[in-house]
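Visitor: Hello! I am new to this structure and would like a friendly tour, please.

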Amino acid sequence: MPWIVVITGFGLTAFVYLFVSSGFAGINSELIEAAQVSGSSAVGVFFRVTLPLLRPSLVYGGFVALLLGLGQFTGPLLLGRTGGINVLTTDMYVAVSQSPIDYGRAAAIGSPLLLFGIAVVVLQKVILGDHSRFVTHGGKAFRATSRPSRLAVAGILTYSVLALGLPLGALALVSLSPFWSGSVDPGGFTLANFRQVFAESGITDAIVNSLTISVISVAIALPVGFVAASLLLKGRKFPIIRAAVDFIVAMPLGIPAVVFGAGFLLTYSREPFILYGTREVIVLVYVTLMLPFTTRMQLAGMVALGDAYQEASRTSGAGPVRTTTEIMLPLLRPTIAGAAALMFVLLTHEFTASLLVRAPTTQVMGTILFDYWGNGSYPLVAAIALVMTLVTGAGVFVAMAVAGSDIFDKL
């Protein structure tokens, strides 16, 4: 149990970092300097100025980490079940993977996760209240005024080694071994596992499926997110519709992916929609999961553009469609490209929902890795994992090259 918690914590750290780093970038440095001039110590400035202004970032990041931790599936499934450690998500998987499938039990197990996700989304909005209280733009950007901390550097290096260096090193060692016995034998290293990855039709088909389904899902999610972002930005005249769209967009982040996977499995495995085991149901799941990301990023781009360009276009006689296609979309091209690249990165290693709606004939990279893990083919699993890492890393590089290093801040 402790190591499952540690591994889960390492995985969730990145999400909290993205929120908090974006919050730091939005703090006006003049507020910090004013507090220092007034005689406040560094500790006082942090607790009285910086920390309160970071409340939205901490609330968002904390609640996202809480929800993702609550819906954690990979760690408990791969590491916990062999030791008798069960959580709600693994119990749901057992209910829908055993024969006969117990749909009622799976739905009942997922109900607490669903209700808790809705409660967290509502509580998040109540805690933050009026977002304008935290707006501090308009002055100098945040910058550190104290000397660099050696302790912080040591902490970052330690985290990098534990969360990134050692796991990747272990994958490399195991992938080069003909079989894994727990000991390292450099003399027996071989590339046979990597050759097998690209030689076996099941693995190559899973890689192709993952890439193809991800591209199709991104192509569908982008226009849906554009419409949702437009409604959120211009829906002040229709507050009920705007609130409904905001809630629908936020819910995929508030509900664990395993609940969505089980819900889609229960819905599309019976009449009149029998899509179980097809690419179409995986596309539906992926589009649903990516809706918050595509909407938030495009909404941020629209807010940054303002209304001046649209008003000038409409004044010149252009209609809404022409204004959108010839003015808004070209100006939003970097944001849209960045959103597409980011969603592709997230989808190529999606595992939780895919495992519930896939069929043995329709695999993606995450599910084929799980099947080989279950067979005990650990060196081959490590090779597949490294290939997945390269694909995801390439996607991150493209995302940052297209949309800039601040792509994640736009979420």
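Predicted model: local features only at pLDDT ≥ 70, side-chain atom pairs only at ≥ 80, totals over all residues.

Visitor: How many helices and strands does the protein have?
Guide: Helices (H or I, at least four residues) and strands (E, at least two) are DSSP runs, numbered from the N terminus. By that rule, the secondary structure comes to 19 helices and two strands.

Visitor: What is the radius of gyration of the protein, and what would a compact globule have?
Guide: The C-alpha atoms fill a box of roughly 65 × 60 × 40 Å along the principal axes. The radius of gyration is taken over C-alpha atoms, and the globule rule is 2.2 Å times the number of residues to the power 0.38. With 411 residues, a compact globule would therefore come near 22 Å, and this agrees with the protein's value of 23 Å.

Visitor: What percentage of the residues count as buried?
Guide: Buried means under 20% relative accessible area, exposed means over 50%, and partly exposed lies in between (1.4 Å probe, protein chains only). Of the 411 residues, the buried share is 40%.

Visitor: How much of the accessible surface belongs to carbon and sulfur atoms?
Guide: Accessible areas come from the Shrake-Rupley method with a 1.4 Å probe; for residues, only the protein chains shown count as cover. The total for the protein is about 21,500 Å², and the part belonging to carbon and sulfur atoms is 68%.

Visitor: What share of the contacts with a separation of 6 or more joins residues 24 or more positions apart?
Guide: Contact means heavy atoms within 4.5 Å. Among contacts in the protein with a separation of 6 or more, residues 24 or more positions apart account for 72%.

Visitor: How are helices α10 and α18 oriented to each other?
Guide: Axes are lines fitted to C-alpha atoms, for helices over the stretch in contact, and angles run from 0 to 180 degrees between N-to-C directions. Helix α10 (residues 201-234) packs with helix α18 (residues 365-374) at about 150°, their axes being 8 Å apart. Angles under 35 degrees count as roughly parallel, over 145 as roughly antiparallel, 65 to 115 as roughly perpendicular and the rest as oblique. The two helices α10 and α18 are therefore roughly antiparallel.

Visitor: Which residues of α18 meet α10?
Guide: From α10 come Gly202, Ile203, Ala206, Ile207 and Ser210, and they meet Met365, Ile368 and Tyr372 in α18.
The contact of α10 with α18 divides into six nonpolar, two polar and no charged residues, where Ala, Val, Leu, Ile, Met, Phe, Trp, Tyr, Cys and Pro count as nonpolar, Asp, Glu, Lys and Arg as charged, and the others, Gly among them, as polar. The α18 residues asked for are Met365, Ile368 and Tyr372.

Visitor: How are α15 and α16 oriented to each other?
Guide: Helix α15 (residues 320-331) meets helix α16 (residues 333-348) at about 60°, with axes 4 Å apart. In this contact, Leu329, Pro330 and Leu331 of α15 touch Arg333, Pro334 and Ile336 of α16, a set of five nonpolar, no polar and one charged. Given their angle, α15 and α16 are therefore oblique.

Visitor: Is Leu58 buried, exposed or partly exposed, and what is its relative accessible area?
Guide: Leu58 lies in helix α4 (residues 55-70). Leaving aside neighbours within four places in sequence, Leu58 is in contact with Val20 and Leu51. Leu58 counts as partly exposed, because its relative accessible area is 38%.

Visitor: Which residues does Leu231 contact, leaving aside its neighbours within four places in sequence?
Guide: Leu231 sits in helix α10 and is partly exposed, at 37% relative accessibility. Its contacts, with those neighbours left aside, are Arg242 and Val245.

How values were computed
Residues numbered from 1 in each chain as written. Heavy atoms only, no water.
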